[in-house]
Amino acid sequence: MSKYVKDLITAELKKRFDGVDEALLVNVIGMPNEQNVVLRRQLRQKKINLVVVKNSLARRATEGTALAPAFEGAAGTLAVLWGGDDLVSLAKEVVRIAGQKEFAPFTPQGGVMDGQKLSPAEVTQVAKWPSRQEQLSILVGQILSPGANLSAQLLGPGGKLNSQIKKKSEGAEDEAPAESAPAESAPAEAAAAPAEAPAAEAAASDAAPAAE
């Protein structure tokens, strides 16, 4: 390969890797073309990029960047993967694909995370971490849990207070008719008074002839 062609490829790789800080390396050499097409389709659906490149050219293109440690000590031709939600999600996908026989000899070969080189074994370990989405779910659960406890604590005393108020209200309604009973007897006494008056007048009229 001439220097001119190498320079063209290096410039193209620099453009593709621009803004990429983390990536994984995998082996795809020897994979049948049909499976290669299927693999790339699956990766595109998850917004994961794949480019096969010689390590010598990759080192030239990533020199002085955060990706440079990934190619230290690497040899031959490897595929570079980047994208997805985060590197953890990317590692999970790499390990998943590596476990499928139809995509053999697809295997993790290392990578770079936070400027640090990753070995193949470390890629497998990273795949066991919670992804960004999983971390957010855990965080939301932790945030909402104290709120739920506080709500239960507030509603608990509130429910007891409401019950006590209801009982007090029902007790007051039961006492009200009993207190009004003497008031209802007053009209009966008043009605008895006129009935006694005619009897007294009749007794007085009977006594008047005897006096004569």
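Predicted model: local features only at pLDDT ≥ 70, side-chain atom pairs only at ≥ 80, totals over all residues.
As background, strands of a sheet pair through backbone hydrogen bonds, either parallel or antiparallel.

Take the β2 end of the sheet. Strand β2 runs antiparallel to β3 (residues 77-83), and seven bridges join the two. Leu 50 sits opposite Leu 81 of β3.

## The nonpolar cores

What does the inside look like? The largest nonpolar core holds 23 residues, and the ones with the most contacts inside it are Leu 24, Val 26, Val 28, Leu 39, Leu 43, Leu 81 and Phe 106. Two or more residues each come from β1, α2, β2, β3, α4 (87-98) and α5 (120-126). Which element gives this core its largest share? That would be α4, with six residues. There's also a second, separate core of 18 residues, and Leu 13, Val 53, Leu 57 and Ala 58 are among them. In general, nonpolar side chains tend to be buried together in soluble globular proteins.

Setting aside residues up to four places away in sequence, Val 26 touches Leu 78, Ala 79, Leu 81, Val 94, Phe 106, Thr 107, Pro 108 and Gln 109.

## Helix α4

Back to α4 itself. The buried residues in α4 are Leu 87, Val 88, Ser 89, Leu 90, Ala 91, Glu 93, Val 94 and Ile 97. For reference, an α-helix has 3.6 residues a turn, so residues three or four places apart point the same way.

Asn 27 belongs to strand β1 (residues 23-27). Is Asn 27 buried or exposed? Its relative accessible area is 18%, and the cut-off for buried is under 20%, so Asn 27 counts as buried. A polar atom of the Asn 27 side chain lies 3.2 Å from the backbone nitrogen of Ile 29. Beyond its neighbours within four places in sequence, Asn 27 is in contact with Leu 78, Pro 105, Phe 106, Thr 107 and Gln 109.

Thr 10 is over in helix α1 (residues 3-16), and is also buried, with a relative accessible area of 6%. Which backbone oxygen lies 2.7 Å from a polar atom of the Thr 10 side chain? It's the one from Lys 6. Leaving out neighbours within four places in sequence, Thr 10 is in contact with Leu 57, Arg 60 and Ala 61.

## A buried loop residue

Ala 70 sits in the loop between α3 (55-62) and β3. What does Ala 70 touch, not counting residues up to four places away in sequence? The list is Leu 25, Gly 111, Val 112 and Lys 117. Ala 70 and Lys 117 are 47 residues apart along the chain, yet their C-alpha atoms are separated by 5.2 Å.

Conventions
Residues numbered from 1 in each chain as written. Heavy atoms only, no water. Helix = DSSP H or I, 4+ residues; strand = E, 2+ residues; numbered from the N terminus. Buried < 20%, exposed > 50% of the residue type's maximum accessible area, 1.4 Å probe, protein only. Polar contact = N/O pair within 3.5 Å; in protein donor to acceptor, adjacent residues only side chain to side chain. Contact = heavy atoms within 4.5 Å. Pairing = 2+ DSSP bridges. Core = buried A, V, L, I, M, F, W, Y, C linked by side-chain atoms within 4.5 Å.
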